[in-house]
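Student: I would like to go through a structure together, one topic at a time. Could we begin once it is on the screen?
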Amino acid sequence: MIEVGRWRLAALRLVGERAASPAEAVAWLGCAQGQDLPGALASIALRTTTGDVEEVRRAFDDGALVRSWPMRGTLHVVAAEDLAWMLPLGTPRPLAAAAKRRAGLGLAEETLERAGEVAAEVLRGGGRRTRAQMCEAWAEAGLDLTSSRVYHALSVLCQRGLLVQGPFASAREQAFVLLDEWVPAPRRLTRDEALAEWARRYFRSHGPADRKDFARWTGIPAADVTVAIEGARDDLAETDGLLHDPETPDRLAAAEVPDELLLPGFDEFVLGYADRSAVLDPEHAERIVPGANGVFRPTVVRDGRIVGTWAWAGSGRNRRVERALF
């Protein structure tokens with residue numbers, strides 16, 4: 001039997017050869033979890049040769065990386081040129097679900113369409129707006145978009161391909177820009193080509209994994225999962241019923257695996273799979289996401305297994321890592 005956790009560390013570029021740039025690291029992953037922005041920056045940096053978070057921030061400012069809702073209605077970091085072919089695959093189900101929620105939010109489709117028109121008006125020609133600034137523009141246009149309706153509007157407009165989160169407006173916040181301006185030369189693929197590309201990237205970077213993992217990760221229908229995997233199968237290897245990059249065993253063999261890795265919360269090593277039992281004892285699952293509230297704690301990984309959580313304690317010279325081992 002293969003050591004699934006150790007193989008995944010190599011496939012995910014957490015050990016061994018790293019990516020030459022943040023854009024290369026994210027393109028290798030396909031998508032990287034982006035709900036927690038500081039954690040996302042750290043996760044990407046861990047996979048690069050420099051390990052520099054500031055280099056990741058510059059990749060957003062330079063237009064190489066963007067953050068959007070390409071699948072599962074969840075924020076992810078994506079290589080900018082890839083977003084255009086991902087959105088048609090991963091957004092139909094979340095957009096349908098969002099449409100059903102609008103009545104409960106008191107948000108009419110006509111209001112959402114007008115919000116898109118206003119956003120296009122204020123951003124056209126290289127404009128940039130933070131969330132608060134978009135709210136101001138909508139208020140000036142007479143639109144009542146406050147509280148949860150703001151998040152809903154921004155996420156839907158991003159999923160529809162109008163907006164995207166691109167350059168940093170401050171140390172902690174990105175600005176919204178028009179996708180067609182920020183990414184003027186996106187990569188274009190046919191639907192079947194795009195499905196195969198998504199499966200190829202997923203299993204190369206996340207494997208060993210199976211069909212259920214890929215289906216959960218993308219949130220796409222079963223029929224699309226089948227087309228995707230069959231389209232990528234010739235470029236993948238299979239061991240113990242799990243698909244992976246043919247080079248993963250050699251990549252692991254050449255890697256120096258540290259005794260311990262400290263991963264940010266929401267890292268793909270945890271979030272990238274339907275079944276986490278290969279790297280996490282089910283009895284400890286609630287320790288990394290207390291109360292099943294969707295907020296994942298940073299994890300301690302040893303020998304390909306999650307063995308605890310960690311957090312920063314203290315400040316200044318007294319700042320230290322505190323581990324809570326299972």
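Student: Which residue in β10 is the bridge partner of R302?
Tutor: The bridge partner of R302 in β10 is R305. Before going further, please note that this is a predicted model, in which local features need pLDDT of at least 70, side-chain atom pairs count only at pLDDT 80 or more, and totals for chains, interfaces and linings use all residues. Residues are numbered from 1 along each chain as its sequence is written, and side-chain values use heavy atoms, with hydrogens and water left out.

Student: How many bridges join β9 to β10?
Tutor: Four bridges join β9 (residues 299–302) to β10 (residues 305–313), and the two strands run antiparallel. Strands here are DSSP runs of E with at least two residues, helices are runs of H or I with at least four, and both are numbered from the N terminus. Two strands pair if DSSP finds at least two bridges between them.

Student: What lies between those two strands, β9 and β10?
Tutor: They form a hairpin with two residues between them, and D303 in the turn has a positive phi of about 55°.

Student: And how many bridges are there between β10 and β11?
Tutor: Six bridges pair β10 with β11 (residues 320–325), in the antiparallel sense. G308, for instance, has L325 as its bridge partner in β11. The hairpin of β10 and β11 has six residues between the strands, and G314 takes a positive phi near 75° there.

Student: What is the strand order in the open sheet of four strands?
Tutor: The order is β8-β9-β10-β11, with antiparallel pairing. β8 and β11 stand at the edges with a single partner strand each, so one side of each is left without a neighbour in the sheet. The twist from one strand to the next averages 35°, where axes are lines fitted to C-alpha atoms, for helices over the stretch in contact, and angles run from 0 to 180 degrees between N-to-C directions.

Student: Where is D259 found?
Tutor: D259 is in the loop between α14 (248–253) and β8 (261–263).

Student: Is D259 buried or exposed?
Tutor: D259 counts as exposed because its relative accessibility is 71%. Buried means under 20% relative accessible area, exposed over 50%, and partly exposed in between, with a 1.4 Å probe and protein chains only.

Student: Which residues does D259 touch?
Tutor: Not counting residues up to four places away in sequence, D259 touches V301, R302 and D303. Contact means heavy atoms within 4.5 Å.

Student: Changing topic to helices: which residues of α13 are buried?
Tutor: In α13 (residues 222–232), the buried residues are D224, V225, A228, I229 and A232. They are on the same side of α13 because they cover an arc of only 130° around the axis, the arc being that of the directions from the helix axis to the C-beta atoms. On the other side of α13, A222 and A223 are exposed.

Student: What do the buried residues of α13 pack against?
Tutor: They pack against α11 (191–206), α12 (211–218) and β7 (242–244).

Student: How many aromatic pairs does a search of the whole structure find?
Tutor: The search finds 10 aromatic pairs. Rings of Phe, Tyr and Trp (its six-membered ring) pair if their centres lie within 6.5 Å; planes under 30 degrees apart count as stacked, over 60 as edge-to-face and the rest as tilted. One of the pairs is Y202 with F203, which is edge-to-face at 5.1 Å centre to centre, with 80° between the planes. F203 and F214 form a tilted pair, 5.6 Å centre to centre and 40° between the planes. This pair links distant parts of the chain, with F203 in helix α11 and F214 in helix α12, 11 residues apart.

Student: Are F203 and F214 buried or exposed?
Tutor: F203 counts as buried because its relative accessibility is 0%, and F214 counts as buried at 0% relative accessibility.

Student: Which residues form the aromatic cluster?
Tutor: W85, W198, Y202, F203, F214 and W217 form one aromatic cluster.
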